Amino acid sequence: MLSEALRTSFQSDDRVTIVTADILRFRLPNVPYKVLGNIPFNRTAAIVRRLAQADAPPQDAYIVVQREAAERFAGGPFSRETLSSLLLKPWWQVEIARRFRRTDFDPPPSVDAVALWLARRTRPLVERSQAADYRRFIRTCFGRDGHSIRRCLRSQFTRTQIHRLSRDLRFDPSGPASSLTFDQWLGLFRFRMLRPDSG
């Protein structure tokens, strides 16, 4: 078992503790820490949520995941933004740090793997007091397959406001919601929170 081999390798180093546990149940440290790991691909979403939403999240994490999953969490500029990427980015910088060859692994996987990097922002782009509002805004407006940006936003803004926002934030309101960048979504949310009836 790999954990036993590690215990043997580090038995004389009191700075290292080897723990065999399920990351989804393991009590994360309450001191500054980092995460590095080659995780089970079928648990990627659950593990990312566990780390990102922990009471004491890591400073950053490098995890080896399937390329498609990494693109879903990283969004732009690696792929189009997704609900997953938009819900992470106000508090995390998310990047694909490295692309691996399948032959880098033994045995080689049947899918492409990359190193996904998540770094906790020292200054969040959305204040904690507005976190629930941001998540509600994104879930309400994003992901309506086949709907234009104009249609996705009309429950939040007037027609005139959408026209103005499309000009100021430089997007085509007739395009799909997935074509908006994170910065554009953030601009929309900030404008929404400035409205007298927000909250």
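Student: How do the residues lining the second largest pocket divide into nonpolar, polar and charged?

Tutor: In this predicted model, that lining has 13 nonpolar, two polar and eight charged residues.

Student: And how much space lies in there?

Tutor: About 730 Å³ for the second largest pocket. It has 23 lining residues, and the closest to its centre are Ala 52, Gln 53, Trp 91, Trp 92 and Arg 135.

Student: Which elements give two or more residues to that lining?

Tutor: H2, helix H3 (67-74), H4 and H5.

Student: OK, now the largest pocket. What's its volume, and which residues are closest to the centre?

Tutor: The largest pocket holds about 940 Å³ of space. Its lining counts 26 residues, with Val 19, Thr 20, Ala 21, Ile 23 and Leu 36 closest to the centre.

Student: Which element gives the most to that lining?

Tutor: Strand S1 (34-38), with five residues. Helix H1 (2-9) and helix H2 (44-52) also supply at least two residues each.

Student: What's the class breakdown for the largest pocket's lining?

Tutor: There you get 18 nonpolar, five polar and three charged residues.

Student: Back to H5. Which of its residues are buried?

Tutor: Helix H5 spans residues 131-141, and its buried residues are Ala 131, Tyr 134, Phe 137, Ile 138 and Cys 141. Looking down the axis of H5, those buried residues fall within an arc of 130°, so they line one face of the helix.

Student: Which exposed residues sit on the face turned away from the buried side?

Tutor: Arg 136 and Arg 139 are the exposed residues carried by that face of H5.

Student: You listed Cys 141 as buried. What's its relative accessible area?

Tutor: Cys 141 comes out at 0%. Cys 152 counts as buried too, at 1% relative accessibility.

Student: How many disulfides does the count come to?

Tutor: Zero disulfides.

Conventions
Residues are numbered from 1 along each chain as its sequence is written. This is a predicted model: local features need pLDDT of at least 70, side-chain atom pairs count only at pLDDT 80 or more; totals for chains, interfaces and linings use all residues. Side-chain values use heavy atoms; hydrogens and water are left out. Buried means under 20% relative accessible area, exposed over 50%, partly exposed in between (1.4 Å probe, protein chains only). Helices (H or I, at least four residues) and strands (E, at least two) are DSSP runs, numbered from the N terminus. The arc is that of the directions from the helix axis to the C-beta atoms. A disulfide is a pair of cysteine sulfur atoms within 2.5 Å. On a 1 Å grid over the protein atoms alone, a cavity is a set of points where a 1.4 Å probe fits but cannot get out, and a pocket is an open set with protein on both sides within 12 Å along at least five of seven lines; lining residues have an atom within 4 Å of a point. Grid points are joined across faces, edges and corners, and a volume is the space filled by probe spheres set on the points. Ala, Val, Leu, Ile, Met, Phe, Trp, Tyr, Cys and Pro count as nonpolar, Asp, Glu, Lys and Arg as charged, and the others, Gly among them, as polar.
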